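Biologist: Could you take me through this one with the cut-offs stated? I like to know what each label rests on.

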Amino acid sequence: MDTSKNLSQVIRDRMNNDGKRFWAGDNISDYLKEDDKEILIKEATVAFEQVLDTLLIDRKNDPNSQGTARRLAKMYYNEIMAGRYEPAPDATAFPNDSTDRYEGMLVVRSELRSMCSHHHQPVSGVAYIGIIAAQKLIGLSKYTRIAQWCARRGTLQEELCNDIAREIMKATDTDDVAVYIQAIHGCCENRGIMAHSSLTQTTVLKGAFKDDEGTKKEFFDNIKLQQEFAPR
């Protein structure tokens, strides 16, 4: 490794050389080694210290701002953008090919926490993931793990809907997938129009959910039932 460069620049150069896209919503875990994250957190801490200094915040004498730069760095890498730096969750599949195989619809409700890539404001909501069972199934918790892995990045809700659908299709080996997300965006609540009652809804329909009106209706009917009995 070139010791004259920060690790973040070395990784950036490597991705540029490989033609690897590294947008806010992309996963770049293939370019990180086991111990890289702690080094990157240290580098990000220095960068956040410079941001705080530029904002004219006295991080040396203000007790509330002491250590804030490192807390921010750890938060980005380990929490709100962890989905960029961690590999996909293990979604072990189970065969669904016996004579009494399940052939119906499955709808899973998954709570989400994400971040808007425009203003780095929090996005919170819920995803309803629907599939028509194919030759294999994954554990119920895996749907939420996959959805949260996709969400913990800088993204837009429209992109997130597509990302979850693509990863669920890959994990379940079926083209019959639907994802409906409803979420509240901090970039609407905390800045700009400051609309505290806003709600954004996005839907991606694949396979039978897109082509068959009965399947589509059943999916949205299931969502209504889940919303009716969801914990308040």
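What follows is a talk about the labels used for this structure and the values behind them.

Modeller: Happy to, starting with the ground rules. This is a predicted model, in which local features need pLDDT of at least 70 and side-chain atom pairs count only at pLDDT 80 or more, while totals for chains, interfaces and linings use all residues. Residues are numbered from 1 along each chain as its sequence is written, and side-chain values use heavy atoms, with hydrogens and water left out.

Biologist: How many helices and strands are there in the protein chain?

Modeller: The protein chain has nine helices and seven strands. Both are DSSP runs numbered from the N terminus: helices are H or I with at least four residues, strands are E with at least two. The C-alpha atoms fill a box of roughly 65 × 45 × 25 Å along the principal axes.

Biologist: Why is Ile41 called buried?

Modeller: Buried means under 20% relative accessible area, exposed means over 50%, and partly exposed lies in between, with a 1.4 Å probe and protein chains only. Ile41 has a relative accessible area of 2%, so Ile41 is buried. This residue is found in helix α2 and touches Arg70, Ala73, Lys74, Tyr77 and Asn78, leaving aside residues up to four places away in sequence. A contact here means heavy atoms within 4.5 Å.

Biologist: What makes Ser29 buried?

Modeller: Its relative accessible area is 12%, so Ser29 counts as buried. Ser29 is found in the loop between α1 and α2. With residues up to four places away again not counted, Ser29 touches Arg84, Tyr85, Glu86 and Pro87. Across the 232 residues of the protein chain, 39% count as buried.

Biologist: Is Leu56 buried or exposed?

Modeller: Leu56 has a relative accessible area of 76%, so the label is exposed. Leu56 has its place in the loop between α2 and α3, and its phi is near 60°, a positive value in a residue other than glycine.

Biologist: How do you know where empty space is left?

Modeller: Rolling a probe the size of a water molecule over the atoms shows it. On a 1 Å grid over the protein atoms alone, a cavity is a set of points where a 1.4 Å probe fits but cannot get out; a pocket is an open set with protein on both sides within 12 Å along at least five of seven lines; lining residues have an atom within 4 Å of a point. Points are joined across faces, edges and corners, and a volume is the space filled by probe spheres set on them.

Biologist: What volume does the largest pocket have?

Modeller: The largest pocket has about 650 Å³. It is lined by 23 residues, and those closest to its centre are Ser8, Arg12, Tyr77, Arg84 and Tyr85. Helix α2 gives the largest share of the lining, seven residues.

Biologist: Which residues line the largest cavity?

Modeller: Leu112, Ser114, Val123, Ser124, Gly125, Leu160 and Ala183 do. Strand β3 supplies the largest share, three residues, and the volume is about 30 Å³.
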